[in-house]
Amino acid sequence: MSNNAPAINIGISDTDRAAIAQGLSRLLADTYTLYLTTHNFHWNVTGPMFNTLHAMFMQQYTDLWGSVDLVAERIRALGHFAPGSYAAFGKLASVSDAPAEPPKALEMVRILVKGHEAVARTARELVPVADKAGDEPTLDLLTQRLDFHEKTAWMLRSMLEE
């Protein structure tokens, strides 16, 4: 199949676009893995905090699900393919998979704090790469994701304090 489209020329070098797409692929894998864990916990939470956590987890997985598309589409806009399989995500993600057996409610909260902080670290690592390349759309996306993950980690962490 021939490609009649012109070469990508958006003011970001091929090398920088590849590095940014690779970082965004890690962010996508982390986000999807955290989404799946959060949705799992929404389904399986029990105990006296059921209503609170069930609703909170739904808000969180809904945001995560929406952001998966934004990250994948940014990878595509940079001229690269977005990973989209469990195998690819498993190789790229820094976030651990959900436990085989659902943990107690507060352990779910602890796991999610760690997950949100891990995704924030992944996003933050990409900021200087995107900044150096002058990739404002990626910087904007990273800023939005950092805000969500840091705020969510804080809210979850607050539930663990006595």
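Helix 4 and helix 5 are roughly antiparallel to each other, an angle over 145 degrees being counted as such, one under 35 as roughly parallel, 65 to 115 as roughly perpendicular and the rest as oblique. The axes of helix 4 (residues 105–132) and helix 5 (residues 136–160) cross at roughly 155 degrees and come within 8 Å. Axes are lines fitted to C-alpha atoms, for helices over the stretch in contact, with angles from 0 to 180 degrees between N-to-C directions. The crossing of helix 4 with helix 5 is left-handed, a term applied if the near helix is turned anticlockwise from the far one by less than a right angle, with right-handed denoting clockwise. Residues in the contact of helix 4 with helix 5 comprise 18 nonpolar, four polar and six charged; Ala, Val, Leu, Ile, Met, Phe, Trp, Tyr, Cys and Pro count as nonpolar, Asp, Glu, Lys and Arg as charged, and the others, Gly among them, as polar.

The model is predicted, with pLDDT of at least 70 required for local features and 80 or more for side-chain atom pairs, whereas totals for chains, interfaces and linings use all residues. Residues are numbered from 1 along each chain as its sequence is written, and side-chain values use heavy atoms, with hydrogens and water left out.

The protein chain contains five helices and zero strands, in the order α-α-α-α-α along the sequence. Helices (H or I, at least four residues) and strands (E, at least two) are DSSP runs, numbered from the N terminus. The C-alpha trace spans about 60 × 30 × 20 Å along its principal axes. Of the 162 residues, 43% are buried, where buried denotes under 20% relative accessible area, exposed over 50% and partly exposed in between (1.4 Å probe, protein chains only). The accessible surface of the chain amounts to about 9,200 Å², and carbon and sulfur atoms contribute 55% of this area; areas were computed by the Shrake-Rupley method with a 1.4 Å probe, and for residues only the protein chains shown count as cover. Among contacts (heavy atoms within 4.5 Å) with a separation of 6 or more, 81% join residues 24 or more positions apart.

Helix 5 also packs against helix 2 (residues 50–77), the two axes coming within 12 Å and crossing at roughly 165 degrees. Helix 2 and helix 5 are therefore roughly antiparallel to each other, and their crossing is left-handed. On the helix 2 side, the contact includes Leu53, Met56, Phe57, Leu64 and Arg74, and on the helix 5 side it includes Leu141, Arg145, Phe148, His149 and Met159. By class, this contact has eleven nonpolar, six polar and three charged residues.

Individual positions were then examined. His42, in helix 1 (residues 14–44), is buried at a relative accessible area of 7%. Beyond neighbours within four places in sequence, His42 is in contact with His54, Phe57, Met58 and Tyr61.

Thr122 is located in helix 4 and is likewise buried, with a relative accessible area of 9%. With neighbours within four places in sequence set aside, the contacts of Thr122 are Arg26, Leu27, Asp30 and Ser94. The C-alpha atoms of Thr122 and Pro102 are 26 Å apart, at a sequence separation of 20 residues.

Ser94 occupies the loop between helix 3 (86–92) and helix 4 and is partly exposed at 49% relative accessibility. Not counting residues up to four places away in sequence, Ser94 touches Asp30, Ala118 and Thr122. Ser94 and Met159 are separated by 65 residues in sequence and by 24 Å in space, C-alpha to C-alpha.
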